[in-house]
Amino acid sequence: MRQVRGHRSGWRSLRHVVRALGMPAILLASVVVAYSADPTVSDPRTMTFKPVEFSPPEPERVVLDNGMVLYLLEDHELPLVTITATMRTGSWLDPADKIGLAAMTGAVMRTGGGGGLSAEQVDAELEQFAVDVGIGIGRQSGSASLDVLSKDVKRGLEIFAGLLRAPAFDPARVELARLQAIEGIRRRQDNPGSIVGREFAKMLYGADHPSARESSLDSVKRITRDDLVAFHRNTIHPNGMILGVTGDFNKDEMVASLRKAFGEWKKGMVSELKIPDVPEAELSRPVVRFVGKDTSQTHLRVGHLSIKENDPDYVALAIANDILGGSSFRSRLFNDVRTKRGLAYSVGSRLNAGMHDQGVWLMRAETKLTSTQEVIERFVANIERMRAEPVTDAELAEAKEAYVNSFVFSFSSSSAIVSRLVELEYDGLPKDFLQQLRAKVVQLTKADVLAAAKKHLRPGQLKIVAVGSGEALPKALATFGDVKEIKLSPEG
Amino acid sequence: MKSKLRLRCRLSEDLVLGRGKILIFCLGLILSLNFNLGPLLAESPSLAERVIEHRLANGLTVLMVERHQTPVVSINITFAVGGINEQVGQTGLAHLYEHMAFKGTRVIGTTNYEKEKPILDELALVGTELDQRQREAAAKSGGATAEERAVIESLQNRLLELQTQAAQYVVGNEMALLYQRHGGVGLNASTGKDVTRYMISLPSNRLPLWATIESDRMADPVLREFYKERGVVMEERRLRNDDSPNGLLFETFTSTAFRAHGYGVPTIGWGSDILSLTPADTEAFFRTHYGPNRATIALVGDINPKETIALIEQTFGKIPPAPLPPPLVTVEPEQRGERRIEVEFDAEPAIVIGYHKPGLGHPDDDVFDVIDAVLSDGLTSRLHQTLVREKRLAASVGSDANHPGVRAPNLFILTAAPLAPRTTAEVEAALYEEIERLKREPVSPQELEKVLNNLDADLVRGLRSNSGLASQLSLYQAVAGDWRYILTSRDKVAAVTAGDVQRVAKQYFTKSNRTVAVLVKKGTDNTVAANPVGEVRP
């Protein structure tokens, strides 16, 4: 289900020799709280707590004449203002021979100057006053953010709007972005985790599909500055943009400032976000592939394409996945593969369902070569069990309680509240979508979960991708189908 | 101090399958805080006044900040123990204990502790003997005799039997299950060289649940499922260090730079040590280092401090303090000559350079924090400007003023990934030019002002998150003995002059004081072949 987005914990930073236990990724939800438990009860298993009412503040929605949508929520605790922009663009619009164009456009919108300022002027001014600005374009949207002390918000907004509306695309910065993109491609095969993730996506969607395709040295070399200018001009428009504004400001004054910064910007033709479905014949074909790399572990991804977030079965499948492997410590895969067998540090399953392309359901683990076969067998056995018998009453109750009781964390900050509304609007979902999900979770039965597992977890259609030591790996995979090798070039 | 406080955001590889909307940029996301913001916080009471401090009779320190916007609370328990407290041959013990701390207590994680206990006791004896016999067999030149092999096999069988017997009483991951059922998020723990930390965020009325669970685990953990978890840790080592080019590069670099001090040992431990750790070692480590007098609990969120103190007194207050642990005596001897090392990996090249420097509390420590920011903080930093933008030698550059820990004398490090076809040698030469420039000419007033402006702003930003604030308070209480270090450190950074930077650069950035580690591509001469993009071979 919708999870907190954001960085997956700084512990992963190689510079911090800190070892985190377990995977993050926890379901979100909203319910709330009252004080307090009976102090005489000291067995944590029998403690009960009342839910209490909590009314999160409501952001205000404003639409400018040019179609730009604003969500605003004042929060005066700290002297900071944050503005995010979510833009209807993305690498789904990349021409087939210039994959990487959207990403490079986003990068140089940030670094190439704009709004009448040179690249050097923008960098110097932002950093001197500790203003954080980020701009990037991903597969299905563009994102930009401004994070500034409220005393500097006027100037920060001017620069931010300049970069979004009139980026200068300084040729030297375009060239630098290209060199860095090339280096990124050259380094793609360094980490087994990166290889397995990308090859798995290509197995699911096909290597040319907008949800899996990748830039190449050739495609990046073909991209010119003119291409960037045109991509920005053709895809980024005020009527394809939603701003989220939170922090220490006065709402009326902020709306006036935003109108001044963006109001004169003319409407444009916003592209329709449409990602093609993968043909049924491809979906149902089981696949076993490996990539040979000199590693101590086999890095595994096993799964197939799945439903979208608005599918009627979404909630039931999400809870099935939660019980199977989505809920970290609580899940069956974690308990079976990690806790009971000690075969993997990181193990679990995920249902990544969005609104614009087919979702992905996958199981993952890294395990030493000699236990590769056992881990895949446990994967298969666990999905067979999900399909063969209902989950237990306790499992379903726990999953529901976890969802409902942690719901409050969806509203844990002003920016969380606003960015949720921005996301929902971007995806064309109702603003109470989360509340609707919660209501469905509460109603869910074991039969619903079983039916969803039977219908949507397909052991006969698994795509298995493994990265590991070449000699023995194909043998470990052989019982799961016809094993073929994916040969990687040394240059990504 | 900046680098001590900051956690840089990195693009997760898992984003490959992520949804397109995930933010794909992360320019210097920094987590930190300051309570001494003066005019910046004119509207709210000084945050220094918002920290409520309480010390229990058993030495446990409690720090609280009330924030009532949302009925949630984030809690961080930090113990002043880490990899640095391990003995030779037992590396990885601090981290293994951290994993074992999730296995429950005499109450949680079991259906019947009385029946489970004798099985666990025997399991520990059998497992320890098995490890020893296997080590002996492996060390024998002619291999083990048939008799010795038979003994090993029977021990293995007995271990399996006992594991099966013990398993019938185990309620797997029950602690995590309880937290999750009650809406807990972000349950996690981490082990570093200096500290070990346990985190959770909960709906705020669940504090009694938290206090019951955590005081129980601080007093009476039970090390069940030990050998399985040791296997999990071995997989973690393979994942983070053996199969990761950067992981292996840093492990090798750090162990080369330190010859005597424990900072040279990887926190996760050497593989052979991990495989020799015993339940008895682990229990002893807990008894020695996990007393309430070594712990700080920081709670930030929707709490009532009076009720919270009462709750903590009722629960944690019963735990007796532990005697002081053995003192850390080893001091790294002065380095007398450059050390260079290569790590071969199936990956593109990278370089790390490190210089020994003093740790927390030394007046020069704050100067390094300024140098760190001047060199690598942002697009206008010196290294980015010269190596990445102007000379186009490197794809990325970085620095860190406190590797791999903060408390003891540590390393100032520089990192870079060359931009092909430029080499690590060219990058290294360019890094030294920047180092020499620090010695030769004073940093500009504008650069110093920028450092301070960013520090102050980042400190305000750090206050946005309950968990970030709880983390900073408990960290500095644990490593500096006083969370107010955050305030004093900021002022010391503000007082650093251009002359200080020049003096420190001259004193510490010398050839004989440095260690250089280079990641080289296995089986090649760093030459670059041109090949088409990978495709599936039928």
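Predicted model: local features only at pLDDT ≥ 70, side-chain atom pairs only at ≥ 80, totals over all residues.

Student: Which strand joins S11(A) through 10 bridges?

Tutor: That's strand S9 (residues 297-306) of chain A, and the two run antiparallel. In that pairing, A:Arg301 stands opposite A:Arg364 in S11(A).

Student: And how many bridges join strand S10 (residues 347-352) of chain A to S11(A)?

Tutor: Six, and S10(A) and S11(A) also run antiparallel. A:Asn352 stands opposite A:Val360 there. S10(A) and S11(A) form a hairpin, joined through six residues.

Student: OK, new topic. What's the strand order in the open sheet of six strands in chain A?

Tutor: Reading across, S2-S3-S7-S4-S6-S5, with mixed pairing.

Student: Why is one side of S2 and of S5 of chain A left without a neighbour in the sheet?

Tutor: Because strand S2 (60-63) and strand S5 (132-137) stand at the edges of the sheet in chain A, each with a single partner strand.

Student: Which strands does H14(A) lie across?

Tutor: S3, S4 and S7 of chain A, and H14(A) runs at about 170° to S7(A). The buried residues of H14(A) pack against strand S3 (69-74), strand S4 (80-87) and strand S7 (241-247), and also against helix H15 (433-443) of chain A.

Student: Which residues of H14(A) are buried, then?

Tutor: Among them are A:Ile417, A:Val418, A:Val422 and A:Tyr426, but A:Arg420 and A:Glu423 are buried as well.

Student: Quick geometry check: what span should the 13 residues of H14(A) have?

Tutor: Helix H14 (residues 414-426) of chain A should span 18 Å at 1.5 Å a residue, and its end C-alpha atoms are 18 Å apart, so the two agree. Just after H14(A), A:Gly428 takes a positive phi of about 70°.

Student: Switching to packing: which residues touch the most other members of the largest nonpolar core?

Tutor: A:Leu243, A:Ala320 and B:Ala394, out of 267 residues in that core. Helix H10 (residues 314-326) of chain A gives the most to this core, with nine residues. In soluble globular proteins, nonpolar side chains tend to be buried together.

Student: What does A:Leu243 touch?

Tutor: Leaving out residues up to four places away in sequence, A:Leu243 touches A:Met68, A:Leu70, A:Tyr71, A:Ile83, A:Thr84, A:Ala85 and A:Leu258. There's also a second, separate core of six residues, including B:Leu120 and B:Val170.

Student: Let's do chain B. How many helices and strands does chain B have?

Tutor: Its secondary structure comes to 19 helices and 12 strands. Of the 538 residues of chain B, 56% count as buried.

Student: And where are the domains of chain B?

Tutor: The domain assignment gives domain 1 (73-110 + 170-318) and domain 2 (339-521). Their C-alpha centres lie 29 Å apart in chain B. The contact takes 31 residues from domain 1 and 29 residues from domain 2 of chain B.

Student: Which element gives the most to the side of domain 1 of chain B that touches domain 2 of chain B?

Tutor: H9(B), with nine residues. The elements giving two or more residues to that side are strand S3 (72-79), strand S5 (196-203), helix H9 (245-257) and strand S6 (295-301) of chain B.

Student: Last one: what's the order in the open sheet of five strands in chain B?

Tutor: S7-S11-S8-S10-S9, with mixed pairing. The edge strands are S7 (339-345) and S9 (394-403) of chain B, each pairing on one side only. S7(B) and strand S11 (residues 514-521) of chain B run parallel, joined by seven bridges, and B:Glu342 has B:Val518 in S11(B) as its bridge partner. Helix H14 (residues 382-390) of chain B packs on the sheet, touching S9 and strand S10 (410-418) of chain B, and its direction makes about 150° with that of S9(B).

Technical notes
Residues numbered from 1 in each chain as written. Chains lettered and ligands numbered in written order. Helix = DSSP H or I, 4+ residues; strand = E, 2+ residues; numbered from the N terminus. Expected span 1.5 Å × (residues − 1). Buried ≥ 20, exposed ≤ 12 C-beta atoms within 10 Å, placed from the backbone. Contact = placed C-beta atoms within 7 Å. Core = buried A, V, L, I, M, F, W, Y, C linked by C-beta atoms within 7 Å. Pairing = 2+ DSSP bridges. Axes fitted to C-alpha atoms, helices over the stretch in contact; angles between N-to-C directions. Domains from an automatic or database assignment.
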